[in-house]
Amino acid sequence: MRTTPLRQVSLVLMFWCACNSHAQKFEVDGQINFSTGDIRSRTYFRAVVNDQKWYIKLTEDSKTNYDYKEISFDGKYCYCFTSLKSYVEEHQKRGKKVGNNIATGWIVKESFYRSIFAHEAGPIWLAYASRYFFNNLTNKLVEPVISLNCERIPPSPSSPSTLAKQRIDWDLEQNFPYLPKTIVFYDDGVRNAAPFRKRQPPFDNGFTNIVFRVLESTNLSGMVLPTVVTLNVACPRQGELGLLYSYRISNVNILTNSIENSFVPVIPGQTHVTDGRFRFEAGLISYEIETNWLSEGEVRSFPQFGKGKIVTSIIKQNVPVKLENEKIWLIRIFFIISVLSATILIWRSAIKK
């Protein structure tokens, strides 16, 4: 059968439509309950997923400690942003001393960010945004994504010397977007954070550490998405293996319409940023910004780059950041001193005359 140009175009369009129909794009609103011992907390979340990109926003009933937290991945960098505006304003009203920044932020060159200060994001990410993570696995050893474990996991980015990988088994949903139904993380009998050492018997032989399980799901627009999820963390305590942390995702509402999100948290004002993109090259770098996240090139232009942790001046408005080189400032200072010295000499000469 002869293929005409029109038929070729039709085949291309059909192929594009088929591929596009399998793009995972959805938004989830729900709550995640957390418990450990007698402590209970409820956090509301919004998760937006668009293929590899994802965004998670966390809020609580009370704004005692923070207004909201945003953890996201824009395809290149992972961000963790915390708004503290209400906290800062309340403490200022009471006359208490607080910093001038109304927010904090982290930026790392990874596809997921670990932090005990946003630990609820881990189970949410596994439930809704981990498709490409599992697609790209080449073995059963993975870096931890749950921050609260038997030992608290160091925040991203972490070096291999402070972080141990865990062996896992998993079972994926057979329908698009092929998200995990169950995941089991195993402890190999060695502490999962530095200093690494063998656990006390009988746990030195390893044990089942974390169990993630989808209890209920729904099918919307050809996508099977979880609606009730649990994640339990078990650890040795006083010679027995017991439940230490527990999470439950529920009260979920899912939208599959066109979702718009930049996947980059908006900077609402003075924000203290810790930049981990150069962690293994120049250490952690900190600075303060007011509007935009800095590019790698802008951070590299810091005179202090490569000299360990630094704190720079606040970056104002939308002006591109180009911190002056130390040598240029020295030349300017020398020039000003020279001009002042010459002016004084001329003035003294004039007085003598």
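The model is predicted, so local features need pLDDT of at least 70 and side-chain atom pairs count only at pLDDT 80 or more, while totals for chains, interfaces and linings use all residues. Residues are numbered from 1 along each chain as its sequence is written, and side-chain values use heavy atoms, with hydrogens and water left out.

**Whole chain**

Of the 353 residues, 42% count as buried (buried is under 20% relative accessible area, exposed over 50%, partly exposed in between, with a 1.4 Å probe and protein chains only).

Switch to the surface. The chain exposes about 19,700 Å², and carbon and sulfur atoms supply 54% of that area (accessible areas come from the Shrake-Rupley method with a 1.4 Å probe; for residues, only the protein chains shown count as cover). Among contacts in the chain with a separation of 6 or more, 55% are between residues 24 or more positions apart; contact means heavy atoms within 4.5 Å.

Select cysteine 150 and cysteine 235 and show their side chains. They form a disulfide, with the sulfur atoms 2.1 Å apart (a disulfide is a pair of cysteine sulfur atoms within 2.5 Å). The pair links distant parts of the chain, 85 residues apart: cysteine 150 lies in the loop between β7 (141-142) and β8 (166-172), and cysteine 235 in strand β11 (residues 223-237). Look along the S-S bond: the angle about it is -95 degrees, and the link is left-handed. Cysteine 150 is buried at a relative accessible area of 12%, and cysteine 235 is buried at 0%. The structure holds one disulfide.

Next, select cysteine 78 and cysteine 80. Cysteine 78 counts as buried at 0% relative accessibility, and cysteine 80 counts as buried at 7%.

**Helix α3**

Finally, select residues 121-128, helix α3. Eight of its eight residues are buried, so the helix is largely enclosed by the rest of the structure. Step through the buried residues of α3: Ala121, Gly122, Pro123, Ile124, Trp125, Leu126, Ala127 and Tyr128.

How values were computed:
Helix = DSSP H or I, 4+ residues; strand = E, 2+ residues; numbered from the N terminus.
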